[in-house]
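Welcome! Please take a moment with the sequence and the 3D view before reading on.

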Amino acid sequence: MGANALPPSGSRRSVKSWRRALVAGAIGALGAASALVTVSVPADAAGSTLAEAARQSGRYFGTAIASGKLGDGQYTSIANREFDMITAENEMKIDATEPNQNQFNFSQGDRVYNWAVQNGKRVRGHTLAWHSQQPDWMRNMSGNSLRQAMINHINGVMNHYKGKIYAWDVVNEAYDDNNGGRRDSNLQRTGNDWIEVAFRTARAADPDAKLCYNDYNIDNWTWAKTQGVYNMVRDFKSRGVPIDCVGLQSHFNSQSPYNSNYRTTISSFAALGVDVQITELDIQGGSAQTYANVVNDCLAVPRCTGITVWGVRDSDSWLGANTSPLLFDSGGNKKAAYNSVLNALNAATPTTSPSPGTSPSPGTSPSPGVSPTPGGNGSGPIRGVASGRCLDVPNASTSDGTALQLWDCHGQSNQTWSSTSSGEIRVYGNKCLDAAGTGNGAKVQIYSCWGGDNQKWRVNSDGSIQGVQSGLCLDAVGSGTGNGTQLQLYSCWGGNNQKWTWNR
């Protein structure tokens, strides 16, 4: 909880119900003392840490970090070893980043960010527009002045971190707990379009960041709040409002327990064409089985791209150590829940081939029995089925590392692609379609052809184009269809944003 009088994020139904949940969690924690590690990690486990195990299926496994604990050696040792995605617990929220209007302070946010990237980790941004943890100057505003202040805040924070943040929780907890409608807040009273404005502002501020809506108590598919958020996301997707992901906070307790329809919730949001990220997971009482269920539900849906637990050790939890909600006890020891999560992640079917971290030998041919891109003759545009737009090198650049996009088809050389018998897809004759990584979200770019498997592709009968090295598909980010939509690698799921026609 840090210096906050209320929980910094998560299940904030009210102070009263929050305290009630703590009592329930404390009761559940009585049996948790015996839930410390009694199960060893299997000797043949492919991943010995949470991040390594998650990476096998193209996912991340993250945690929330508090800047004030970065001097704690045990804390940072566990976090550095086990997690590969970092969320600042409080340091990127409104009151921390703009304590006085138009006077931004990124000192603590940068401290978390710098620790993360110096240790090879990505960062989720949390959070830009929220009714809670507003500084006094914002809390006392209303109407047009508040709307403009929200826009200025989003621009100020995102410009500071432009190109550095994997995903932003653009809007946090905007829905009412009971009736499925919008929460009555000062932001809501500026007009019902405030969430849409926030997302459009965020997209313009940093086109490369994934934009998420984040909320608690939207885990149970039958609840009105879940349906309210679902209907908003469906409306946004139908009208082209830029939204890339939904964050399920997933703070499970006796007031808001895990339900077996959780997988239905994840898959239903994913079917709208957005990623789903479990953003603030904790389970009061620390049930190993419930933790395994949550992980397995995410693994069952290709567009569930990662899991973040809200804290490192029980003693770091906003809920209090006595509720035993996390994967490590207060002494930094792995609990039974840790083993259940690691085992579930290791049991998932890998989506990358070869295994992450291995470098294929240059010139390696595609796997036997799989035909590379057919034909070595002819050339033409590669057109997206969902968009009707063409695979395009921006501004006809020839520079290595130029990221690809969708653009109106015009038949020029920067949209003319040819295949080779080894599975390369070339532009300009000597630049290859190149994957800059092997995980979900990896950049797709042009690069001088060198024969690596990250430059070899299979064109499948369903129209998908699949990377030989990664096994992932060429994907239009966020199911986008407009000019400038970026391309990435993503788990193959059969959507039209992963299907292409190529009239060579």
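What follows is a short tour, from the whole chain to a few places within it.

## Before we start

This is a predicted model, in which local features need pLDDT of at least 70 and side-chain atom pairs count only at pLDDT 80 or more, while totals for chains, interfaces and linings use all residues. Residues are numbered from 1 along each chain as its sequence is written, and side-chain values use heavy atoms, with hydrogens and water left out.

## The chain as a whole

The chain holds twelve helices and 22 strands. Helices (H or I, at least four residues) and strands (E, at least two) are DSSP runs, numbered from the N terminus. Of the 504 residues, 57% are buried; buried means under 20% relative accessible area, exposed over 50%, and partly exposed in between (1.4 Å probe, protein chains only).

The accessible surface comes to about 18,300 Å², with 47% of that belonging to carbon and sulfur atoms. Such areas come from the Shrake-Rupley method with a 1.4 Å probe, and for residues only the protein chains shown count as cover. Among contacts (heavy atoms within 4.5 Å) between residues at least 6 apart in sequence, 72% join residues at least 24 apart.

## A buried threonine

Let's visit T97, which lies in helix α4 (residues 94-97). Is T97 buried or exposed? T97 counts as buried because its relative accessibility is 0%.

Leaving aside residues up to four places away in sequence, T97 touches E91, M92, Q103, F104, N105, F106, H153 and V157. One of these, H153, is 56 residues from T97 along the chain, with 8.7 Å between the two C-alpha atoms.

Strand β16 (residues 431-435) is mostly covered, with five of its five residues buried. Which strands pair with β16? Strand β15 (residues 425-427) pairs with β16 in the antiparallel sense over two bridges, and strand β17 (residues 444-448) pairs with β16, also in the antiparallel sense, over five bridges. Two strands pair if DSSP finds at least two bridges between them.

On the β17 side, A435 stands opposite V444.

Helix α8 (residues 194-205) packs with helix α9 (residues 224-239) at an angle of about 55°, and their axes are 12 Å apart. The contact involves I195, E196, F199 and R200 of α8, together with M232, F236 and R239 of α9. Axes are lines fitted to C-alpha atoms, for helices over the stretch in contact, and angles run from 0 to 180 degrees between N-to-C directions.

The two helices, α8 and α9, are therefore oblique to each other. Angles under 35 degrees count as roughly parallel, over 145 as roughly antiparallel, 65 to 115 as roughly perpendicular, and the rest as oblique.

## Backbone details worth a look

Most residues other than glycine have a negative phi, and most peptide bonds are trans. The peptide bond from H126 to T127 is cis, with omega near 0°, and T127 is found in strand β3 (residues 122-130).

Q133, in the loop between β3 and α6 (136-139), has a positive phi near 50° and counts as buried at 12% relative accessibility. A396 has a positive phi near 55° and sits in the loop between β12 (390-392) and β13 (405-407). A396 is partly exposed, with a relative accessible area of 40%.
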